[in-house]
Amino acid sequence: MTRRGARMARLLAEQQIADWGLPLEGDTAQNAVLIVAELAANAVRRGGVPGRDFRLTLSLGPDGVLRIEVTDARAERLPEQAAPEASRDPSAESGRGLLIVAALADSWGVDPSSEPPSHKTVWAELTPRH
């Protein structure tokens, strides 16, 4: 798992969204790409196990709901949303990813699995605005 893999996930998400015919300049597509970038970066930084990569899954439901799933190999490392406190260091370069996901997604969550091989899936859903 590398940062290059996280960048590739973002680019592949953009391509899939375009293939579905959603306008890339629209809020749904832009928010989805940002969410993919944050979840993939988290998977690279905190979900890595040597020899196992993360998996990105995108699905578009018949109701237009876009679901993003990023699965990594560290079920024991559940993501924690940082408190949006004024006391946080404003110059910090990390720690706000899940705040961004929560702000952009209509819903999000984590599904850990202890079944071998151990993994967790962090997901987010976006409902298109008309």
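Buried means under 20% relative accessible area, exposed means over 50%, and partly exposed lies in between, all with a 1.4 Å probe and protein chains only. Every view below shows a predicted model, in which local features need pLDDT of at least 70 and side-chain atom pairs count only at pLDDT 80 or more, while totals for chains, interfaces and linings use all residues. Residues are numbered from 1 along each chain as its sequence is written, and side-chain values use heavy atoms, with hydrogens and water left out.

**View 1. A buried pair, Asp 72 and Lys 120.** Let's start with two side chains that meet in a salt bridge, 2.9 Å from N to O; the term stands for a side-chain nitrogen of Lys or Arg within 4 Å of a carboxyl oxygen of Asp or Glu. Because Asp 72 lies in strand E2 and Lys 120 in strand E4, the pair ties together parts that are 48 residues apart in sequence. Helices (H or I, at least four residues) and strands (E, at least two) are DSSP runs, numbered from the N terminus. Asp 72 and Lys 120 are both buried.

**View 2. A salt-bridge network of Arg 67, Glu 69 and Glu 125.** Here Arg 67 pairs with Glu 69, their closest N and O atoms being 2.7 Å apart. Glu 69 has 21% relative accessibility, so it counts as partly exposed. Arg 67 also meets Glu 125 in a salt bridge of 2.8 Å, N to O. This second pair links distant parts of the chain, with Glu 125 in strand E4 (residues 119-126) and Arg 67 in strand E2 (residues 66-72), 58 residues apart. Glu 125 counts as partly exposed because its relative accessibility is 24%. The count of salt bridges comes to 3.

**View 3. The largest nonpolar core, with 24 residues.** Such a core is a set of buried Ala, Val, Leu, Ile, Met, Phe, Trp, Tyr and Cys residues joined through side-chain atoms within 4.5 Å. Ile 35, Leu 39, Phe 54 and Ile 68 have the most contacts inside this core. Two or more residues come from each of H1, helix H2 (27-46), E2, helix H3 (97-104) and E4. H2 gives the largest share, 9 residues.

**View 4. The surroundings of Ile 35.** Apart from neighbours within four places in sequence, Ile 35 is in contact (heavy atoms within 4.5 Å) with Ile 68, Val 101, Leu 104, Ala 105, Ala 124 and Leu 126.
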